[in-house]
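Here are my notes on the model, jotted down while going through it.

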Amino acid sequence: MSKTDPGRFFEDFTLGQVIRHATPRTVTAADAALYTGLYGSRFAVQSSDAFARAVGYPQSPLDDWLVFHVVFGKTVPDISLNAVANLGYADGRFLKPVHPGATLAAVSEVIGLKESSNRRTGVVYVRSTGFDEAGEAVLTYCRWVLVNKRDPAAPAAADLVPDLPKAVGPAALGAACPPIDAAAYDAALAGSPYRWGDYAPGERIDHADGMTVEEAEHQIATRLYQNTARVHFDQHAAERGRFGRRLIYGGHVISLARALSFNGLANAFHVAAVNGGRHVAPLFAGDTVYAWSEILDRAEIPGRRDVGALRVRTVAAKNQPCGAFPDRAGDGYDPAVILDLDTWMLMPR
Amino acid sequence: MSKTDPGRFFEDFTLGQVIRHATPRTVTAADAALYTGLYGSRFAVQSSDAFARAVGYPQSPLDDWLVFHVVFGKTVPDISLNAVANLGYADGRFLKPVHPGATLAAVSEVIGLKESSNRRTGVVYVRSTGFDEAGEAVLTYCRWVLVNKRDPAAPAAADLVPDLPKAVGPAALGAACPPIDAAAYDAALAGSPYRWGDYAPGERIDHADGMTVEEAEHQIATRLYQNTARVHFDQHAAERGRFGRRLIYGGHVISLARALSFNGLANAFHVAAVNGGRHVAPLFAGDTVYAWSEILDRAEIPGRRDVGALRVRTVAAKNQPCGAFPDRAGDGYDPAVILDLDTWMLMPR
Amino acid sequence: MSKTDPGRFFEDFTLGQVIRHATPRTVTAADAALYTGLYGSRFAVQSSDAFARAVGYPQSPLDDWLVFHVVFGKTVPDISLNAVANLGYADGRFLKPVHPGATLAAVSEVIGLKESSNRRTGVVYVRSTGFDEAGEAVLTYCRWVLVNKRDPAAPAAADLVPDLPKAVGPAALGAACPPIDAAAYDAALAGSPYRWGDYAPGERIDHADGMTVEEAEHQIATRLYQNTARVHFDQHAAERGRFGRRLIYGGHVISLARALSFNGLANAFHVAAVNGGRHVAPLFAGDTVYAWSEILDRAEIPGRRDVGALRVRTVAAKNQPCGAFPDRAGDGYDPAVILDLDTWMLMPR
């Protein structure tokens, strides 16, 4: 019997199945530095131990999306090695600050299955949870992914599409954010005078800057996350495929958009929840990423006066600056749009 | 009002203005490792904790140019986001050794302003100083940069061109170098038998090796320094610009030349001062960098018998090996030259 | 006299010569993270401090090949700067686990010399040994390399071709592996249920995945190892050379093949010895690397019940998936093959 893992196909998943993923990973200050090198992130809490300590962290926490990508990466060999597309995210919540030195592992539960009408693929819904070395959950999220069937004729489990929340409620935010000394939060060092109360629903922000992506960059990033999806790495196979190119990991786009969003959202120091997200179109090396954001909502977090939550929709586009806010268009999207991401972010009040 | 920062234009600067820059940055052994990966530096003091301890450091200090680039990066969003060109450096002095774990922040003072005769741009002179988390200065330098005006018709401040020293004096060197046990400095491990006394003014050294630069490399480096200048990252915009290409951060060239200079200057373990520097021509990805150096002066440092100072002029060229020492030519330079840098370096005596 | 080091030519080596190499290097968790980013390695012992501790290490050791590359890199300026080709390896043994924070230095002894019949080159055989900051050997190996003569007419030393073992004996394995608690070795976290006893001589494993290599990646890796061989970095010179391209460091191919081998050999957590290795053909940027392995032998290690040794031959190919096991062909190799590597690996029993 072959010892090579071909990955699961749609018919290999069963409802309620719990999968402990391989390759726990100790994430260090080195991953944080590489993350800075890959995206140029400038949020002061994650950049400076001194700043983090001044506002209430024991030291700089790891970037929220770095934690996400490492947890996500663990799930790939078991969930999405034979995926056609990563369709969406819901109910993502950061549950505990993660600091350098933490060892992250991941577990997924199959919470939904729906075979496609052509019977050649099916959608797998999973809830994935990342744990630290103490066994405490640091992140949980649902995603659904279109997975090939090994054999179109294989019988499929009864369909079950889970009922997922459209958004995380404000009471569920802030678990991964310690009490913040908002008075000690230095606006000059943070790079912006605008706090939670300065943003209003409906406000749109063009993040202005653009970032061109190279093959070496997204490959280094995606390997750093130990994400093994073949489409990101194998040009020889890609040349025979649909795009002729390596696809860039969608999480790379998210982190680029997040880094670009510093220009306009510099004090959104913590991503507390992911309400939803969609990779609208693929990104390829040589493309330049721009982004803009819209404030969808502003919420108090029950019991907290130090920080408030902004619900922010961030749209990334390729090869088109976002001064004109490229957006949904007709039944779809402006052709430049590549990402439509809905998160809750925390800001000092 | 837009929350996006467009950067300052020439008419936004005023003489004596003091700007506290955003994004303090904790620099760790990870940045040092990435720096090694980006440039291949081999100076033993920075490469080996054991070597550093043997000669008198508590551990390997961070590379001097890494410290410079991080401090420089902080200044970019406030000083040079709308710069046309980085014109020069003067009176740069390293003031304190910086070790992994230090958090660096930066402050700049506007020390000069001179509108261009066409009134569309102007030269801004700043003194920038980097501080560690204890508030102690680790580096100070002057630079001047050509900045666009937002509105050519805007009135400009009265011209003031500061009087900057042509070179740092020997008495100002060595503040960032602890007492060195020159007898414990192992020539075989350091890679060269030549010490301070073995170099003579007028001596020229071809550093022999060449290094080709890739887009991913300079982008990762420049983001690592949190330098946000758009010209380094946005190919979509660059295609509509003067060069059609992304420009490589001038500091990347400096670090490449410094790493190449190991071959001939292996014991120049510390850059103590930057007397001046000029980015003669732009570097683009795909170009190969070579370098040569000329010993301009040799000086004792008052009160020190452990180390001596060499004033070294390092010239970098692209796509032309430096065996023939490409140099100034007529009113300008040999077309291969991209950098002309004048520093004081310390060597064991 | 020039202070630039031109590197040794064949006639500069003498039998029995001992060379202490320059540039000791403190290797940290940052190098481990970069290594993960460059190759995507997923072996749990090296990835997770928690996993490593559970099975008996004090923390994650550095990847064996990272240790090899750093030691190898030190030897390049003295041994192979003027090399035409790296011909082979033998009797490589890992002697002590290396953890982040260790400072590595290297010493080589010339153990053989053989001038080529055309008198323009000669083969230099060296035994290189890496030491940590305590002066304890962590790795030793022999390699032989074809080196140019400075002057074809120069007299050469009498030929001596050393007698090197075809393979390391099982009794010499395991020195760098602490006692392992095989019961605590978690198969789900490690990514495979297959242990030492599940593999049989003659078994072939296609490692399935492919990895395309970019110039920036191999350059960053090779500089990280402070390997200064010009052929890897200088495109300007390469354009005038045999291939017209930069050559990728052979060790980069080894590390890629090792990372790919996770898919099929996930529990081969430690490379204990290198019996031999040959870089069959060069790799260039843009090529995609695949690999397959064959189990050559299975051996108990005298005195140990916790781990067993597998002798594994790993073959890497470019631009050709390895489902058909491309191999030796006639007097040579299938044209896709680039690496033929023979190692002993340890697995839990």
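1. A:Tyr125 counts as buried, at 10% relative accessibility (buried is under 20% relative accessible area, exposed over 50%, partly exposed in between, with a 1.4 Å probe and protein chains only). Bear in mind that this is a predicted model, where local features need pLDDT of at least 70 and side-chain atom pairs count only at pLDDT 80 or more, while totals for chains, interfaces and linings use all residues. Residues are numbered from 1 along each chain as written, chains are lettered from A and ligands numbered from 1 in the order written, and side-chain values use heavy atoms, leaving out hydrogens and water.

2. On aromatics, there are 42 pairs over all chains (Phe, Tyr and six-membered Trp rings with centres within 6.5 Å; planes under 30 degrees apart are stacked, over 60 edge-to-face, the rest tilted). A:Tyr125 and A:Trp144 are stacked, because their ring centres are 5.9 Å apart and their planes meet at 25°. This pair links distant parts of the chain, with A:Tyr125 in strand S5 (residues 121-131) and A:Trp144 in strand S6 (residues 137-148) of chain A, 19 residues apart (DSSP runs numbered from the N terminus: helices are H or I of at least four residues, strands E of at least two).

3. Ring pairs also join up a cluster, including A:Trp65, A:Phe68, A:Tyr141 and A:Tyr249.

4. B:Lys3 deserves a look. B:Lys3 forms a salt bridge with A:Glu203, the closest N and O atoms being 2.4 Å apart (side-chain nitrogen of Lys or Arg within 4 Å of a carboxyl oxygen of Asp or Glu). B:Lys3 also lies over the face of A:Tyr194, at 5.2 Å from the ring centre (NZ of Lys or CZ of Arg within 6 Å of the centre and within 35 degrees of the ring normal).

5. What about chain C? Between chain A and chain C there are 5 salt bridges, one of them between A:Lys3 and C:Glu203 at 2.4 Å, N to O.
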